[in-house]
Each structure stands twice: as C-alpha cells, then as structure tokens.
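Please read these notes with the model open beside you.

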Amino acid sequence: MMLLSEHPALWIFAEHARKIAPHEACGAILQNKELLIWDNISPTPDLNFIPRIQLDGKDFSDVKILLHSHANGQTYPSREDWLYGYGMGTIQGLYCIQTNQ
C-alpha cells in the first residue's frame, strides 16, 4: 500500500501550493487517484479557502481526500477544515501542507 506522502498527486499539489503562497490552495484526490486542483475564491485567500469546486461530471462520492495548504499556519487541519471536510459525508481524509518552509 502506498503512503499518502508518496502519492504523486500530493507532490503536484504541494508544488501548486508553493506557487500560489501566501494564498491557500485547495483540491482533492479522487477514488481513482486523479488529482483535482480548485480555484480559491475566498475574499481573504491568505487566511482561508473557499473552493470553486469543479468535479467535471463527478460527485462528492468520488472524492477520497481533500487537500489544502496553510501558507503561514499550522501543518495540520484546523477545526473548520475538519468540519468542512467531514461535513461532506464521503471524505476519508484531509491532508494539509504548510508552504512557508
């Protein structure tokens, strides 16, 4: 079994997050291991994320792991991250990266 930290999509997402820092990045890994990167449409994208969710014909049951970055914050999901992610009902995990290193 592959560790999430070894998943190629995670490395692609991390590079995207570094490019848009200090804004937060957001996206998802689907059940089929496909990576989706969503635009952050938050009015304060350096503090939080509101994804413009584009599932390209898929639904939330296809989302396995939500991804997002904390450009200047903790390296773990916040309480709000957990509530948002698991409030969708089908999410199996959240992964958060810190991009200011």
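1. The count of salt bridges comes to 2, a salt bridge being a side-chain nitrogen of Lys or Arg within 4 Å of a carboxyl oxygen of Asp or Glu. As background, side chains of opposite charge can pair when their charged atoms come close. This is a predicted model, in which local features need pLDDT of at least 70 and side-chain atom pairs count only at pLDDT 80 or more, while totals for chains, interfaces and linings use all residues. Residues are numbered from 1 along each chain as its sequence is written, and side-chain values use heavy atoms, with hydrogens and water left out.

2. Is E24 buried or exposed? E24 is buried, yet has no salt bridge. The nearest side chain of opposite charge is that of R18, 15 Å away; for charge, Lys and Arg count as positive and Asp and Glu as negative, with His and the chain ends not counted. E24 sits in the loop between α1 (8-20) and β1. Leaving out residues up to four places away in sequence, E24 touches several residues, including N40, P45, F49, H68 and A71. Contact here means heavy atoms within 4.5 Å.

3. N48 is another residue that E24 touches. N48 belongs to the loop between β2 (35-40) and β3 (51-52), and with a relative accessible area of 33% N48 is partly exposed. Beyond four places in sequence, N48 touches E24, N40 and S42. N48 and D81 are 33 residues apart in sequence and 9.4 Å apart in space, C-alpha to C-alpha.

4. Which strand is joined to β1 by 5 bridges? It is β4, and β1 (residues 26-30) and β4 run antiparallel; two strands pair if DSSP finds at least two bridges between them. Within this pair, G27 stands opposite L67 in β4. Strand β4 (residues 63-70) is mostly covered, with 7 of its 8 residues buried.

5. On the whole chain: the protein has 2 helices and 5 strands, in the order α-β-β-β-β-α-β along the sequence. Helices (H or I, at least four residues) and strands (E, at least two) are DSSP runs, numbered from the N terminus. Of the 101 residues, 40% are buried. Among contacts with a separation of 6 or more, 55% come from residues 24 or more positions apart.

6. Confidence is given as pLDDT, the predictor's confidence in each residue, from 0 to 100. The protein averages 75, and 68% of the residues score at least 70.

Methods. Buried means under 20% relative accessible area, exposed over 50%, partly exposed in between (1.4 Å probe, protein chains only).
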